[in-house]
Amino acid sequence: MTAPLDVSGSELEVAPEPGPVGPAGRAIEGRSLGQIAWTRLKRDKVALTGAGVVIFLILVAIFAPLIVSGFGHPPNDFNQDLISTETLAPKDGTGISAAHLFGVEPVNGRDIFSRVVYGARISLLIAFLATLLSVAIGTALGVIAGYFGGWVDSLISKTMDVFLAFPLLVFAIALAGIVPDTAFGLSGDTLRVSLLVFIIGFFNWPYIGRIMRGQTLSLREREFVDAARSLGARGPYIIFREMLPNLVAPILIYATLLIPTNILFEAALSFLGVGVRPPTATWGGMISEAVRFYSIPHFMFFPGMAIFVTVLAFNLFGDGLRDALDPRAR
Amino acid sequence: MVTYIIRRLIWGVVMLAIVSMITFAIFFLVPRLAGATSESLASRYVGRTATAEQVTLAAEKLGFNDPLIVQYGRFAKGIVAGADYDYGPGVERCPAPCLGYSFLTRLPVWPDLLNRIPVTMSLAAGAAIIWLLSGVGTGVISALRRGSFFDRAAMSVALAGVSLPIFFTGIVSLVLFSYGRPLAITAPGGSYTPINENPAMWAYSLILPWITLAFLYAAGYARLTRSGMLETMNEDYIRTARAKGLPERVVVVKHGLRGALTPIVTIFGLDVGLLMGGAVLTESTFSLPGLGKYSIDAIVNQDLPKVMGVVLVTAFFVVLANLLVDLLYAVVDPRVRLS
Amino acid sequence: GGASTSQSGGSGASAGSGDAGAKPEFNAAMSQVFNPSDKKGGILKFANAGDWDSLDPADTYYGYSWNFIRLYGRSLVMFKPVPGEEGTSLVPDLAESLGKPSDDAKTWTYKLRQGVKFEDGTAITSKDVKYGVLRSLDKEVFPDGYTYFNDTLDLPKGYKGPYKSKGVNTDSAIETPDDQTIVFHLKQPYSGFDYFAQLPATIPVPEAKDTGAKYREHVISSGPYMFDKNEIGKGFNLVRNPNWDQATDPNRKALPDGYQVSTNVNAEDIDNRLLSGDLHVDIAGTGAQPATLGRVLTDPNLKAQTDNPTIIRLWYTSINGNVKPLDNIDCRKAVEYAADKVAYQTAYGGELSGGQVATSLLPPGIPGRQDFNLYPSGPDNHGDVAKAKEHLTACGQPDGFETNVSYRAERPKEKATAEALQQSLARVGIKLTLKPFPQADYFALYAGKPGYAKSNKLGLVVNGWGADWPDGYGFLQQVVDSRVIRETGGSSNISVRDPEVDKLLDKASLETDVAKREPIWAEIDKKVMEGAYILPGIWAKSLLLRGKGATNVFYSTPHGMYDYLNMGVQ
Amino acid sequence: MSESPEPLLSLTDVRKHFPITKGLIKRQVGAVKAVDGISFDVRRGETLGLVGESGCGKTTTGRLITRLIEPTDGRIMFEGRDITHMSQGDLRPLRRDMQMIFQDPYSSLNPRHTVGAIVGAPFRIQGVRTEHGTKKAVQEILELVGLNPEHYNRYPHEFSGGQRQRIGIARTLALKPKLIIADEPVSALDVSIQAQVVNLLEDLQNELDLTYVVIAHDLSVVRHISDRVAVMYLGKIVEIADRKDLYESPMHPYTTALLSAVPIPDVRRRAGRERIRLLGDVPSPINPPPACRFHTRCWKAQEVCRTVEPPLAELATGHRVACHFPENAPAGAVQDTSGTEVPA
Amino acid sequence: MTGSARPAGGAPVPSDERRHGFLELRDLRIHFPTDDGLVRSVDGLSFTLERGRTLGIVGESGSGKSVTSLGILGLHKDGRARISGEIWLDGEELVSASAEHVRTLRGKKMAMIFQDPLSAMHPYYTVGAQIIEAYRIHHQVSKAVARKHAVDLLGRVGIPQPDRRVDSYPHEFSGGMRQRAMIAMALSCDPELLIADEPTTALDVTVQAQILDLMRDLQQEFDSALIVITHDLGVVAELSDDILVMYGGKCVEYGTAEDIFDRPEHPYTWGLLGSMPRLDRERTERLLPIKGSPPSLINVPSGCAFHPRCGYEPRTGGLGSTEVPELAAADGGHDGGHLVRCHLPREERRAIWENEIKPTLESA
Ligand SMILES: Nc1ncnc2c1ncn2[C@@H]1O[C@H](COP(=O)(O)OP(=O)(O)OP(=O)(O)O)[C@@H](O)[C@H]1O
Ligand SMILES: Nc1ncnc2c1ncn2[C@@H]1O[C@H](COP(=O)(O)OP(=O)(O)OP(=O)(O)O)[C@@H](O)[C@H]1O
Ligand SMILES: [Mg+2]
Ligand SMILES: [Mg+2]
């Protein structure tokens, strides 16, 4: 049984090639695997483009207020003078102008550019945090299951089975729908974001958990673990010093590939109306509104493209990262 | 083998029980933690002009005054032993598995589900065939012509495919190919026709959802198949097959694809299993009256018996798919032993 | 005044002045029958973006369902199926004439027509009507519907409907002295009982065929059509009822050979198919989708395929005096002044599809209504910021205040309204936070539950109300009577707690003289507005798309949509 | 080679059975009898070679000695202390004296650690402080095993197989152990590199006064490196003797067969050699043949071999054999267990 | 059994029409362009092999042994490899032949036995099916006939109850049986050239002995040409008539088995012999290892690839590190069949062997 992103352990190690070092051979700097991966990555133009876009998007998200204030249209401000009160559409069709780069929304004339820019904040924030949560839970439980084996493993594995049998989206919708407006000392966007992070992150951990468990199982068989044990190393030492460094690559790969999945997940929840509360802009939420106005295509186009470009960039970067860290897959 | 299946089935039942308990607890507890009383809960399920007396009645009838355990017990008992149902003029037996009665319509949930399953099944099956054929086919060709124009083009499309949210592609395709088009290639949803009524209409009403759903999955499968093929084509046994003088086609299909297909079959089984629980986004985008749309509607209406029913059915399909996949694995790969 | 006199649906005289009615133009089906015809045959295609609450006459509470149910069920009386004002008058259906009240208006007697049969050929008797009414009283089995009969009939104490109170003598409430006569006894005099008699609950139900909650799966027809195939969630077909006799029915033409109804159809697609002629009726009757507006209104040919009625429905926002500082009337008035009515209107769909800016509660069309505006919102209806600020100062909050606005999460228009209020009130420093709640729980658990609304500071609650029939009492009682507010939640009235209003309501219900009664409605309206308990948004309008190929199309005022009774296929 | 009074390591009837479980409740349905009652001593300063075919339990024995796995039965004494069931905590200090070299130079070094971290790990784990800091100590050891101390900051993947094996050896040497268990230390290496490592092991033994247990399947390597050799078959020791005795006059038929199966790199002698060819493979340790486990493949097997298990008896000084019909046995040394001895 | 192996120099082959050996490689080069640089896996390899004779190829890991064998079978053709030179098999040139043509020869005219029989057999097909498949590709016979043939073959290679085991999957076989099945598969079409790439490395000694016996017997029976690739000099000695020692993608010494074992002339060969503990000799106190480690095939050391590890390099007067030595006739070879690639003067090599190396190997 494979999770969508399966990265099996042995693949991530440098295959035993005849060492490039002869006794009299050229002196090679002490290059770590990370450095080698970086050299590989540097040659991968596509992945670098992806990385560039990702960084760009992160900057956009961070500096959204600055960018938007430059154009003078806060994301929630109405521009109803641009809207026809009969058809609800922008009077000139789209409202695209130098002032409104992406045009304005029907009904209330909010600036689409500002909303798309602000949407990046929510999307990326939730995707990052949820990924962090999944990875943290998944790694912790996966490693524990794989390392200790026995009933601990059975328990954790069965828990993962149960989680994987849940109709995820249904649960997410249900939970997001029935959690009250103020809870756990939080409210407003903070609560919603935390809730979404929790839901997305919490329901996704079994995937990475399985992978980490498999990786740990295979690492446990490696002789260097025995070596550490025969030196008298205790569990924590083995887990943290011996195993974790070897799990960094799969964690990194999985996390990068999980982020786009989570972006899509968040968009889906927002689309279904259980995301962050309005009027805070989200891409999924904008598309869901745009559905009613499909005859005004630019309304749907920009948030749709924003999701597409973001997810694509992360996927490209993730693929490249995997290729760089995992030479066999090339 | 038989004991294996029995063991797996027992575990499957346990899993369904756990899933149902968690679901029940979430829906039961969260509103109560938010301060709802059994009366205020009941007032969801009566008309807006209902009097306090009617609300109390409804709370009583729906059993909201009982503790959590009792309510869950009643639900579980219905599944195992069936339940009695007061439909007004008399009492009717709802045989096991009785998934209870909708809070809202007071009608049994099970027939509803039976009604919806064929829709979801049609959607899943059709899409699955399309994506399996196109995805695996593309993946194989890409792997064999690695680096070629076809490979690059196919992989770019595939990457785009996995990067597009399905509700977006769904709507765009509806706008492009259906809404108000004189030559609409599909009915835009809601006009689902059962296959036994009119197979042509059935296919017509599903073609767009199929393609939209299949596109997403086909993209993933193409990527998966390609990397799987690249990996198996590096296996020693492929070299052996070539050394025997087999034509390349045989090497690729009989030896390479056969080896690469096993993990794909596994994922395929699980994907279809999960889809059987309802492709929520696809069904709501295309207004298909399947399990996914049903679950959304149930949640919106806070109709717990319906939610429980659809969750259980989904989990059932997942458990079943898991089992089938494992059995299939043993058939496909003679090295696997079930124990 | 009713314009069309030539088209009296009841008499069956039509077709004469076909030319005027057949020309497609904007509002062509508003005050006259569009495309009149007597041609029989064909199948009428209806589609519904949602699903029925129930097809059972005892259980259904959707307006379109009351409109549609007349095809397979005959209640004692009905609204006259004609366009214009005349359509709000009642005519007998199953009964031979309208109800005969006793002097004190506590006893109402109806005589049934001879020769009316169920779809299986058995004759319909007054017992069947009585049974239909009695079973509708069981709110455990039929939780959804109205409670008019429960509340008004003089039932034995503790009576719970024919299922649970089997064999209980109910003659104190309804008597059936013979097979053709049915007599209703009320607890209190009620002069408008004929309005009750038009409710689907008076549709006869044969006791032997009653399957309680499951009856909705196959309702036994007493009208011209009966169920053929019914798949709940997907749709159903109606075919001709061979046992319906035109001679017994002056109201119905029964033109098409059948009806094909699909439910859960994509709303956008319904519009497209209506315009293309692939579909005859959008059964929900709520009008065009936003995406269609642009298309329809900019194309004169398409615009000619639309009608734009005002509906007896008010979209409004409750101003919750339980929440500080809205307990201060000046703060409430500040809200009334600051709100941008145009934004409100746009949120609901604009001038045509949304509605007309409302200045008070009672929508046009309710008898006795008066036009007044206590809080003029500036020359362009964008709100009067200066006045609002004045009142804020008076209220002691010169810089504004913070509160929440709640709405139903599933309703995009309410969301847009909340956003619009947030924007417009922000101009005077009133900061609103949006609080969406699930529709199913909106009144039961959140906004409609005073304790919750208070402790969670739901200062503004986006709301809406339409009358079950065009009458002041029906419109006002549920939304302004403070006594309908229940601590356990579920009430529609969220903000109006004015003893004087309650007193006026009581006065009106005891007043049997219509001429004296009707001015009271306007008085109540004024009182509520003076208290600034409610921010009226718009009186709803809808942009109805007239399906191509349908005949005898006209707007029915009491139903707020096209009349489905006598349509035919071209 | 003088016998010291107390052996450094002593195994008495040690067993390791890996359970095979089945079913929902993990019922044990059998066991892999990987090691099934072996006894031997290792004296200070000597090298004991352990040979046998794949799967006969050599690695398991090594892991039992280092207590990476818990013995099922028997007793393991190290420096006079019973470590058979000692807790891992109590073992920790002892581990300084007992180290293990692993077979696979690729998997025995953590690819994410630098050479310095790998060789310095023993200090860190055991909490040992060195005079001039760990780095200095590590560099000294690197030099000792013939690696460039400047390679301190490099990663294992930058080294060749032989160099990696040296790193592994350096790690074991860090704490100056008394006993080193080497599990197939050279079998993953090229012939030309094998010799380097073998020589290194020998040099280190001389320099540091080490005791080795060398596990290998290559008989010539074992002969080269060992003072005494034990031959294992299916979880049992079938013969144990001084190197010379074992290679020149093997007594167990299995040893004989093993020796004659080794291909000889001598072209002229290949025609004339008499060979003993065993049939088939080693049977499964789950269901080992009863009595003498070798009887299924033994050309000398008699009925008694199928019914009576031959004890590991000392037939000549320091030469123990478990066989009913040993070869090259001094006359009269054979215990007549069956009474139906047939001369070989 | 015609003639003995013909030596062939690395020098350009004369253009005159001379008879080709049954298998003849001329200046074969197989290079792989990789990210890190060009890998010269095989760099100018030439040899000749006649039917009925066995050639052993020894060399360190990565010296290009497997690449050579796959090259002969044409299995690099559709890969990234750059192949030049000539491969003549029974009068046909294979490097320039079409891939399709080479395919028809594979399995029928030339076959291969791989090192790891478990991974070299498809895990999802029975052993029988895999043999049958190989047979039916080249013979138009029914399934039943092919199956009978497979059973025969399995019996021939010593698998007990072949009619039953034919339906087993590879994982159900033990290591030795797998290798036997692999051999049966290779032999299914009576190939005239059989290449065994490390046929026994994965096996235990006792099983290795069985397989070596089997191969020897089969070769005599089929009279095919056999190439045995290994890094174990013992195995080579057991089977080969001629031996080719590879180092860094090149042949460094070539000769009859006797030449290589009795009169080796290349320092690398000496090193191999010295680093190997031998059961047939007295135990030496110390082994004589080759210092250093194998060369990178991307940055092949300049001059003689072995020079960084060669103890005698100083004696070449700097030539070793600058000039690639020619493969030239050695001193004592029969009819000049003993070739060595070394800068050391012939006499000096001879003297070193006789005086310095041989005594240490046989000491003690
Ligand atoms: N953890 C384990 N669980 C179950 N069986 C095991 C385990 N470890 C080893 N075995 C089994 O015990 C037997 C002996 O294994 P061991 O690894 O000791 O053999 P070995 O002599 O070292 O063989 P090799 O030469 O192949 O390394 C084998 O049959 C093996 O499959
Ligand atoms: N497809 C390839 N691409 C790049 N380099 C390759 C390829 N195949 C082989 N090589 C390189 O060619 C060299 C020779 O490999 P080859 O497999 O022939 O060695 P070998 O002598 O068979 O070694 P071993 O004894 O380990 O089997 C190695 O350095 C290897 O890394
Ligand atoms: Mg081992
Ligand atoms: Mg090789």
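**Tour: the E–D interface, then chain B**

Chain E and chain D bury about 3,900 Å² between them, with carbon and sulfur atoms giving 52%; buried area is the accessible area (1.4 Å probe) that two parts lose on being put together, summed over both. This is a predicted model, where local features need pLDDT of at least 70, side-chain atom pairs count only at pLDDT 80 or more, and totals for chains, interfaces and linings use all residues. Residues are numbered from 1 along each chain as its sequence is written, chains are lettered from A and ligands numbered from 1 in written order, and side-chain values use heavy atoms, leaving out hydrogens and water.

Select the contact residues (heavy atoms within 4.5 Å). Chain E contributes 51 residues, chain D 41.

Next, pick Asp213(E) and Arg277(D). They form a salt bridge, with the closest N and O atoms 2.2 Å apart. The interface count is 2 salt bridges (a side-chain nitrogen of Lys or Arg within 4 Å of a carboxyl oxygen of Asp or Glu).

Now colour the helices (DSSP runs of H or I, at least four residues, numbered from the N terminus). On chain E, H7 (175-187), H8 (205-222), H9 (233-239), H10 (257-262) and H11 (267-275) each supply at least two residues to the side touching chain D. H8(E) gives the most, with 9 residues.

Select 123-144 of chain B: 100% helix, end C-alpha atoms 31 Å apart. Then select 259-281 of chain B: 87% helix, 0% strand (DSSP E runs, at least two residues), end C-alpha atoms 33 Å apart.
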